[in-house]
Amino acid sequence: MKLTILGGAGMRTALLVNGLVRHSEELHFDEIALFDADEERLKVMGRLSQYIAELNQASFRVTFTTDVREALQGADFVFSAVRVGQEESRVNDERVALKYGVLGQETTGPGGFAMALRTIPVMLEYTRIINEVAPNAWLLNFSNPSGLLAQAMNTYGHCKVIGICDAHAGIKNALSKFLGVHFSRLQVDYYGLNHLGWVPRVYKDGVDQMPMLLDRFEELAKDAHIFSFFDPELIRNIGMLPNEYLYYFYYHDLAVRNILEAKETRGEQIVKLNRPLLERITPLVREGKLAEAWKDYNETLDKRSSTYMSKETSGQLHNVHEHEAPAHSQFEEEGYEGLAINVMKGIHLNKQQILTLNVPNRGTIAGLHDDDVVEVPCVVNANGPSPLTVGKISDLAMSLIQPVKTYERLTVEAAVKGDYQAALNALTVHPMVPSFTVAKSILDEYIQVHKAYLPQFQ
Ligand code: G6P
Ligand code: MN
């Protein structure tokens, strides 16, 4: 089996390869092909990934190339982790929005919008090539904004696509820790869009725990960092547990204030970690000091995960290790690669799984269109993912899902057609953007600052 990673020079690649190692035999991997346009960085990530594969005597070999067709040729699965405009563009996405008092964040709000405008045309081109050189391949998209990109590729793409996010697995692991039971005994219901989801029910051995979890929310929030910045009153009013990204909707003003006071955005934090890391490990890799490079790399990526969402929530969220997959832990489903591995087991080995994924709605959530991409539990087997029926959802949730889905659809049209009016409408209807005037200012600045990456708007 061949797996191709698009955006293979991204900083997380070697970690991803490391996560794949122990499943490589079961999944019959023989090649992992990394593609990236950035040749220098690709060499570093490629060599480091080869080192990890060799060190662990993996069943696969790692290859890397700047030729996307060659990388995709004959692939069974494709992961996408592309970052058009690199980390520097992430900072521009954030700063432009913040200037107008609106959240600047990689996925939620205008930041995700700008990233989507840059990324959608590139991803659609890749789906065209996949259709030519690997027509049976499934594309598992990790690139953010994950749900919005899945929407674009399901509407205009040319291959089979699944949108991936580890948030649901993070919630499930936090609950399994709090309840003191193995995750396999829990059923954590979930619905919404990517980074805009709610948990309406949690079954332990078939019995709903939600009333108890709401009652004891203070304790839960102490135990599980991802819930720690939500007021118990809010959670009890909603009657559901939140995806951590709902913080940005329910506490928009506070999040903006925290980021401005921290004087550093998440993107800036990551540039500060990644740039020096790359400068340190590039010569090490070149000189063959791979163990040393791997150690530095791991420590730096640990720092990244332990500071996740901490500035935005003013230090309330630290050490979200729910997001990382400690080797051989009981938490099999953790991390992006954990989820992707389970998807591949479902599809490639026909080992049926129930996984929360971004797929077209097809009647799952009442009141949404069949082709609206939603994030819901799916049965995954050799036929791919089929969403489980959710039915009617809470009006409180729908009141955010509807406008955000409208925003997403308009963003897709804008990105594909270079349609300024659609782009402006998209930002205007977004719940975080206070007015048409602000929407227009933000949009015009994005088109200016991202000129090189937005040819469709020039
Ligand atoms: C979570 C989110 C992802 C995000 C990741 C890392 O897992 O679900 O969408 O990419 O955190 O965030 P970072 O801020 O470190 O890039
Ligand atoms: Mn995510």
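Which helix lies across β7 and β10? Keep that in mind as you look through this predicted model; here are my notes.

1. Let's begin with the answer. Helix α7, made of residues 167–179, is the one lying across β7 and β10. Compare its direction with that of β7 and you get an angle of about 140°.

2. Now for the sheet under discussion. Three strands make it up, in the order β7-β10-β11. The sheet is open, and its pairing is antiparallel. Since β7 (186–188) and β11 (207–208) are at the edges and each has a single partner strand, one side of each has no neighbour in the sheet.

3. Zoom in on β10, which covers residues 202–204. Two bridges link β10 to β11, and the two strands pair in the antiparallel sense.

4. Next, have a look at ligand 1. There are 14 residues around it, and the ones that come nearest are Arg-12, Asp-166, Arg-266, Arg-304 and Tyr-336. Sorted by class, the shell has six charged, five nonpolar and three polar residues.

5. A few distances are worth checking yourself. Tyr-336 has a polar side-chain atom 2.7 Å from an oxygen atom of ligand 1. For Arg-90, a polar side-chain atom sits 3.0 Å from an oxygen atom of the ligand. In the His-195 side chain, an N or O atom is 3.2 Å from a ligand 1 oxygen. As for how covered the ligand is, ligand 1 taken alone exposes 400 Å², and the protein buries 92% of that.

Conventions. Residues are numbered from 1 along each chain as its sequence is written. Chains are lettered from A and ligands numbered from 1 in the order in which they are written. This is a predicted model: local features need pLDDT of at least 70, side-chain atom pairs count only at pLDDT 80 or more; totals for chains, interfaces and linings use all residues. Side-chain values use heavy atoms; hydrogens and water are left out. Two strands pair if DSSP finds at least two bridges between them. Helices (H or I, at least four residues) and strands (E, at least two) are DSSP runs, numbered from the N terminus. Contact means heavy atoms within 4.5 Å. Axes are lines fitted to C-alpha atoms, for helices over the stretch in contact, and angles run from 0 to 180 degrees between N-to-C directions. A residue is near a molecule or strand if one of its heavy atoms lies within 4 Å of it. A polar contact is a pair of N or O atoms within 3.5 Å; within protein, one must be able to donate a hydrogen and the other to accept it, and residues adjacent in sequence count only if both atoms are side-chain atoms. Accessible areas come from the Shrake-Rupley method with a 1.4 Å probe; for residues, only the protein chains shown count as cover. Ala, Val, Leu, Ile, Met, Phe, Trp, Tyr, Cys and Pro count as nonpolar, Asp, Glu, Lys and Arg as charged, and the others, Gly among them, as polar.
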